[in-house]
Amino acid sequence: MRLSLPSKFLLWGATAATLAFIYVPILVVVLNSFSTSKTLSWPPPGFTTEWWGKAFTNAGALSAISTSLVVAAVSTVIALLLGTALSFALHRFDFFGKSTVNLLVVLPIALPGIVTGIALNNAFRTMLDIQLGWFTIIVAHATFCVVTVFNNVFARLRRVGTSLEEASSDLGAGIWTTFRLVTFPQIRSALFAGGLLSFALSFDEIIVTTFTAGSGVQTLPIFILDNMFRPNQAPIVAVVAVVMILIAIVPIYIAQRLTTTDNR
Amino acid sequence: MTTVSSSAPDRVGESPTRASLARRGSVFLYRHAKVRLALLLSAPLFWLGLVYIAALVALLITAFWTVDSFTGEIIVDWNITNITKVLGDALYHAVTLRTVGAAVLVTLIDIAIALPIAFLMAKVASPGVQRALVIAILMPLWASYLVKAYAWRSLLSQDGVIDWMLGPIGGESPGYGFEGSVLTLAYLWLPFVILPIFTALERVPDSLLDASSDLGAKTGRTFRHIVFPLIVPGIIAGSIFSFSLTLGDYIAVRIVGGATQMLGTLVYANVGVANNLPLAAAVSLIPLGIIFIYLGVVRRTGALNNL
């Protein structure tokens, strides 16, 4: 579009300001993890790697990281199974209540986290009398991770169509052979991308987690939240926060590369 | 003679013992589409229905129960005390108003920030710059929510970055409180608002903009009369995110809100500290109700198809 010089100037200025607004806070966390100040004061009075060393020997932080990795891995496996089955059902079949099922998949992530959290908390504690812990966190995470796998696999199924599978069964291959040799290779990268996104989503989740974790199990976000308000832990929290950014962004980057190269 | 004729068909099907079961299953499934559908649907529906829908229904039911004030046990005693308390108490009125006010403010701030950058991405930038900007907007979407809230805690803190930036011109950080919460929430949901507006702008044909400027309209006028009416559904789609997410938030408010109470913090306090699940359930029905009303209102605009 043709723009007058002042409006062009204004637009680029607003864009630059918005990008600064988005990235400065994240940058500040990264810099604070190297700051000698314990109170997040700015500008950092000095440079130190002390907190990085301390964070990597902090037993609480390390066990929280491994807890989060296990929870994310198990929930992702469940989400992969359920999400893939659902996407095949919704793509290959027409049935009564299809749109309701579609809504049902999106609901856990569309409703505010606090509603999902308290609903599950209430169901586990008062209705089913289940002690909050590993089991309840994983059930909760898997529930909202299904949608990311579903979205990726469903989009892929829609794109590749069914003609290759029909050719395969015309040539005499059974359902299993066709799945193993034709369908699975076609959706493999979508499964991988969906799985990575679901892993990152679970690794980061805090709202639903606080309602389903109980007091015994500490995931990394809960560790951060608990330590954020303790006066001397602020720099260690900054280090763990930077680690979280790295763990979340790397899989997302890979997932995005995968989906964009596929689409070419 | 008989042995030869009976083994011949088997040889055609190759090693009968290994393949027959799988083959039979395959043939059965191939012929029975309904069984295939049932197998695919049963596990996910069982999971989502049992875990999620049952939990939501249970939440609604629990709101009508009470807690024994001595033992802390939940008593199945049907009454509407919690509901009337939530609807009648001045505290809940004030907190609801504050939360809705925060949600409206956050939404307005996000739309104001999103419009220029989305417009530049969709209509001004070259394809390369556009791709780079989309990635730049998407990346922080996946950075941890908690880390971003924590970042604002350090920005807003005493002697923090905002104090340092505003100090020379005589300003200071708003500190932890309502203003800090609104700023942080606006930051958190910004990418959710930019993306649908960007998508809506991309759909506006360039020829309309050219025609408008050929007819002598300046940039501002073209935007007001041509672009804006066309992207209203996109703006509303974005507002659903910022509005609904703000209503349901409690972590960010706890981190940067100081003593500010929102609906989310009230729900959390009732679950954790006060151990009054029925009351918490009743409170959580407020944001749920507001969101359903909001969705009902915006459904008429067709914005839901833009999500």
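**Close-up views of a two-chain predicted model**

View 1. With 7 C-beta neighbours inside 10 Å, A:Asp129 counts as exposed, where a residue is buried if 20 or more other C-beta atoms lie within 10 Å of its own, exposed if 12 or fewer, and partly exposed in between, the C-beta atoms being placed from the backbone. This is a predicted model, in which local features need pLDDT of at least 70 and side-chain atom pairs count only at pLDDT 80 or more, while totals for chains, interfaces and linings use all residues. Residues are numbered from 1 along each chain as its sequence is written, and chains are lettered from A and ligands numbered from 1 in the order in which they are written. A:Asp129 is found in the loop between H5 and helix H6 (134-160) of chain A; here helices (H or I, at least four residues) and strands (E, at least two) are DSSP runs, numbered from the N terminus. The phi angle of A:Asp129 is near 60°, which is a positive value in a residue other than glycine.

**View 2. A methionine of helix H5 of chain A.** A:Met127, which lies in helix H5 of chain A, is partly exposed, with 16 other C-beta atoms within 10 Å. When residues up to four places away in sequence are not counted, A:Met127 touches A:Asn122 and B:Ala58, two residues being in contact if their C-beta atoms, placed from the backbone, lie within 7 Å.

**View 3. Helix H5 of chain A beside helix H13 of chain B.** Helix H5 (residues 113-127) of chain A and helix H13 (residues 263-271) of chain B have their axes 11 Å apart and pack at an angle of about 15°, where axes are lines fitted to C-alpha atoms, for helices over the stretch in contact, and angles run from 0 to 180 degrees between N-to-C directions. The two helices are therefore roughly parallel to each other, a description used for angles under 35 degrees. On H5(A) the contact is made by A:Ile114, A:Ile118 and A:Asn121, and on H13(B) by B:Gly264, B:Val267 and B:Val271.

**View 4. Helix H1 of chain A crossing helix H5 of chain B.** The axes of helix H1 (residues 5-32) of chain A and helix H5 (residues 90-124) of chain B cross at roughly 115° and come within 9 Å. From H1(A), A:Leu11, A:Trp12, A:Ala14, A:Thr15 and A:Thr18 meet B:Ile113, B:Pro116, B:Ile117, B:Phe119, B:Leu120 and B:Val124 of H5(B). By class, this contact has nine nonpolar, two polar and no charged residues, with Ala, Val, Leu, Ile, Met, Phe, Trp, Tyr, Cys and Pro counted as nonpolar, Asp, Glu, Lys and Arg as charged, and the others, Gly among them, as polar.

**View 5. The side of chain B that touches chain A.** The contact takes 74 residues from chain B and 67 residues from chain A. Helix H3 (residues 33-62) of chain B supplies the largest share of the side of chain B that touches chain A, namely 16 residues. That side of chain B divides into 55 nonpolar, twelve polar and seven charged residues.

**View 6. An open helix of chain A and the glycine after it.** Of the eight residues of helix H7 (residues 163-170) of chain A, the number buried is zero, so the helix lies largely in the open. Just after H7(A), A:Gly172 takes a positive phi of about 105°.

Key
Angles under 35 degrees count as roughly parallel, over 145 as roughly antiparallel, 65 to 115 as roughly perpendicular and the rest as oblique.
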